[in-house]
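Morning, everyone. Please have a look at the model on the screen, and I will walk through a few parts of it.

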Amino acid sequence: MNQNFIFVFILLITLSIVNAAPFQHDKKGIQFKKCEGYPKDAEPDLLTVTVTPDPIEPGKEETFDISITLKNYNITDGTFLDIGYVDDDTKEGLGFFSLDICSKTKCPIEVGSKAGSPYSTTQKFAAPTKLPSKYTISVLQFLNAPDIGIPYSCAVASIGS
Ligand SMILES: *[C@@H]1O[C@H](CO)[C@@H](O)[C@H](O)[C@H]1NC(C)=O
């Protein structure tokens, strides 16, 4: 009887620790990191991305603040900014947004001096109406050309557990 009580008590404590982990993740917020899996000599630059509100709520408008200091490429006609939500389990696309940068901004935006040139944009669009327990958001800037398979710059965030 006593033994059982202790077991249940330990189990409850363990569960509360496991449950606390996602909360800590939420407090820290959504973190965008560099994209993996590209050849070392062709790694995309890291985009700085923040999303608000955080945490993301299904169907609600989400604001993406995206910036980079251009050092390795110019933004020219045909450069796009894409944002995608993907279900981690099924790999299904849940939501997608694409911006033809030069249709909204005067182009080219050139690297210029050694220090580089800033590029930043704020884009708003609705989060998918259904969000699975675990999903990934990727943000890419790339030149839409037939022979280009690697983005200029990129950032990904894993959400949920
Ligand atoms: C950016 O454009 C300028 C002017 O055309 C060019 O001189 C420079 O090499 C370009 N930089 C990169 C990184 O492509």
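Valine 86 has glycine 93 in E5 as its bridge partner. The two strands here are E4, residues 79–87, and E5, residues 93–100, and they pair in the antiparallel sense over 7 bridges. Strands count as paired if DSSP finds at least two bridges between them. The hairpin of E4 and E5 has 5 residues between the strands, and there lysine 91 takes a positive phi near 65°.

Before going on, two notes on the source. This is a predicted model, in which local features need pLDDT of at least 70 and side-chain atom pairs count only at pLDDT 80 or more, while totals for chains, interfaces and linings use all residues. Residues are numbered from 1 along each chain as its sequence is written.

Now the overall layout. The protein has 2 helices and 8 strands. Both are DSSP runs numbered from the N terminus: helices are H or I with at least four residues, strands are E with at least two. From the N terminus on, the order is α-β-β-β-β-β-α-β-β-β.

Two further pairings involve E3. E2 and E3 run antiparallel and are joined by 5 bridges; threonine 52 stands opposite threonine 63 in E3. E3 also runs antiparallel to E6, residues 117–126, with 10 bridges joining them. In that pairing, aspartate 65 stands opposite threonine 122 in E6.

Next, the inside. Of the 161 residues in the protein, 16% are buried, that is, they have 20 or more other C-beta atoms within 10 Å of their own, with C-beta atoms placed from the backbone. The largest nonpolar core has 19 residues. Such a core is a set of buried Ala, Val, Leu, Ile, Met, Phe, Trp, Tyr and Cys residues joined through C-beta atoms within 7 Å. Residues with the most contacts inside this core include Leu47, Val49 and Phe64. E2, E3, E4, E7 and E8 each supply at least two of its residues, and E7 gives the most, with 4.

What is valine 49 in contact with, leaving aside its neighbours within four places in sequence? The list is Phe32, Phe64, Ile66, Val139 and Ala155, where contact means C-beta atoms, placed from the backbone, within 7 Å.

Last, the ligand. Around the ligand are Asn72, Tyr73, Asn74, Glu110 and Val111, each with its C-beta atom, placed from the backbone, within 6 Å. This shell divides into 2 nonpolar, 2 polar and 1 charged.

Methods
Nonpolar A, V, L, I, M, F, W, Y, C, P; charged D, E, K, R; others polar. Buried ≥ 20, exposed ≤ 12 C-beta atoms within 10 Å, placed from the backbone. Contact = placed C-beta atoms within 7 Å.
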